[in-house]
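Dear colleague,

I am passing on the structure we spoke about, and my notes on it follow below. Please read them with the coordinates open beside you.

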Amino acid sequence: MAIWIIEDKCDGCQKCIKACPYEGIEMVDGIASVTERCTSCGACIEACNKKHAIESDIKPRPVPDFSDREGIWVFAEQTNGKLAKVSLELLGKAQDLAKDLGHKVSAVLLGKDVSYLVHALHEHGAENVYLVEDDVLENFRTIAYTIVIEDLVLTYKPNILLMGATALGRDLAPRVSRRVGTGLTADCTELAIDPDEKLMFQTRPAFGGNVMATIACKYTSPQMATVRPGVMEAKPCKVNSTNLIRHEISLKEQDIRTKILEKIIEKKPGTDISEAKVIVAGGRGVNGEQGFGMLKELADLLGGELACTRLIVEQGILPHDAQVGQTGKTIRPEIYIACGISGAVQHTAGMMGSRYIIAINNDPLAPIFKLANWNIVGDVHEIVPEFIKQLSFGGTS
C-alpha cells in the first residue's frame, strides 16, 4: 500500500501537511512530497478532497459482521466473598447502555461457593448471571480467571465486556482482551453509545490527563473497557428475575502455573478516600507539609480523610492513594472541602460527583468557585484554623 502526489494538481496549499499526524509529507519546491515517515493512514487524502492531488491504493478495512454479538457483560469482581463496589457501579452504567442498544445486562461471577452473591447482582439489574465455581477459583490468579472468561466469551459471544479498573481488573482485562483477540480501553471515565453505528464510545484521559480521548472499537468484538472506581453510580434496579447460568469448565491446578503460598493483607491507616463521607483536600495554595498538617487536623475533627491534587503527590507530601482527579481517584463524598485548589479540569473530574462542595481560595476568579456550593474567598491559613477553632470549642469564640 502506498500514497503518492499528483504534482500537476498540487497547488502547495499545505493542508495535507497540517492533517498528517506523522510528519509524513513535506514541501519540496512548493509541491507536497511523501516522506519515509508516511504510515499510509489516509489523513492527507481526506484533507485534499477538493484538489484530488493525492492518490492511494489503500483499500478500506472491511468491518466484520458482529450482528450475532449481544449483551452487555460486567465482570463481578469479588475478593473473599465480598463484591467490589465498582462492579455494582458498572451494572448501573450497563443499564443505561442496554437501553440504547436493546440488549440485556449480565454479570460474570467466578469463585468458590460464591452463588450467594447472585442476589446482590439481581438487586442491581443483572438479568443474567454467568456463574463458574471451582476450587481453583477460590483466590484470584490471572491465568485461571483468564481461561474461564475466555471460554465464556467464545461460547456466549457478548457485545460489550466491562471490568473495574482496580488492581485485579488491570491485571485481568489485558490478558482477556489478548486471548479473545479484541481491543481494550483502560481507565475510562465515560461510556456512551453512538446513536448511528451503535458502537460504544469509551472516553479516558490521555497525555497525563491534559486531553480526553474518545475511542471506538469497530473491528473486533467484544468491545472491552475498564472503568475507574467511583466514576459511575451504583443504581439499585431489581429486575423481575435473574437467569442463573452455571457454566462448567475443566480447570487443572497444574495448568495455572502459579500457586498462592501466603496472603499478607496490608493494613492502611484511615479509610480509603473513595469510601469516605467527608474529604478535606489541598492543593498548591496550602504551601507544603505544615499546611497539610492543618488540613489533617480539620479532617480528623470532621471524621473525614485527607486528599490532594497531583502536584502534592509529585512533591512527596502525600501518597498517590490520596490523589483526586483524572490520574488519581474519582470520589463521591457527602462533603468535599477544597483548600487552595484552583479547580483545573484534571482535578475536578475526580470530585464533581460530591454532594456538597466547599471551596476556599484567595483568588475570587478561581474556576473551583463555579462548581462549589459554598465559596469562601480568603487565605486558607486564616480560614481553616478558624474552622478548627469553632469545631473544637463548639462554636464559641
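Does Thr203 count as buried or exposed, and why? Please keep in mind that this is a predicted model. Thr203 counts as buried because its relative accessibility is 15%, and the cut-off for that class is under 20%. This residue lies in strand β13, which covers residues 200-206, and its side chain is joined to that of Thr214 by a polar contact of 3.0 Å. If neighbours within four places in sequence are left aside, the residues in contact with Thr203 are Cys188, Thr189, Glu190, Met212, Ala213 and Thr214.

Turning to the sheet, 7 strands with parallel pairing form an open arrangement whose order is β11-β15-β10-β5-β8-β9-β16. Its edge strands, each pairing on one side only, are β11 (184-188) and β16 (243-246), and from one strand to the next the twist averages 20 degrees.

Within this sheet, strand β10 (residues 160-164) and strand β15 (residues 223-227) run parallel and are joined by 5 bridges, with Ile160 standing opposite Gln223 of β15. Helix α3 (residues 85-101) packs on the sheet, where it touches β5 (72-75), β8 (105-111), β10 and β15, and its direction makes about 175 degrees with that of β5. Helix α6 (residues 167-180) also packs on the sheet, touching β5, β10, β11 and β15, and the angle between its direction and that of β10 is about 155 degrees.

With kind regards

Note on methods:
Residues numbered from 1 in each chain as written. Predicted model: local features only at pLDDT ≥ 70, side-chain atom pairs only at ≥ 80, totals over all residues. Heavy atoms only, no water. Pairing = 2+ DSSP bridges. Helix = DSSP H or I, 4+ residues; strand = E, 2+ residues; numbered from the N terminus. Axes fitted to C-alpha atoms, helices over the stretch in contact; angles between N-to-C directions. Contact = heavy atoms within 4.5 Å. Buried < 20%, exposed > 50% of the residue type's maximum accessible area, 1.4 Å probe, protein only. Polar contact = N/O pair within 3.5 Å; in protein donor to acceptor, adjacent residues only side chain to side chain.
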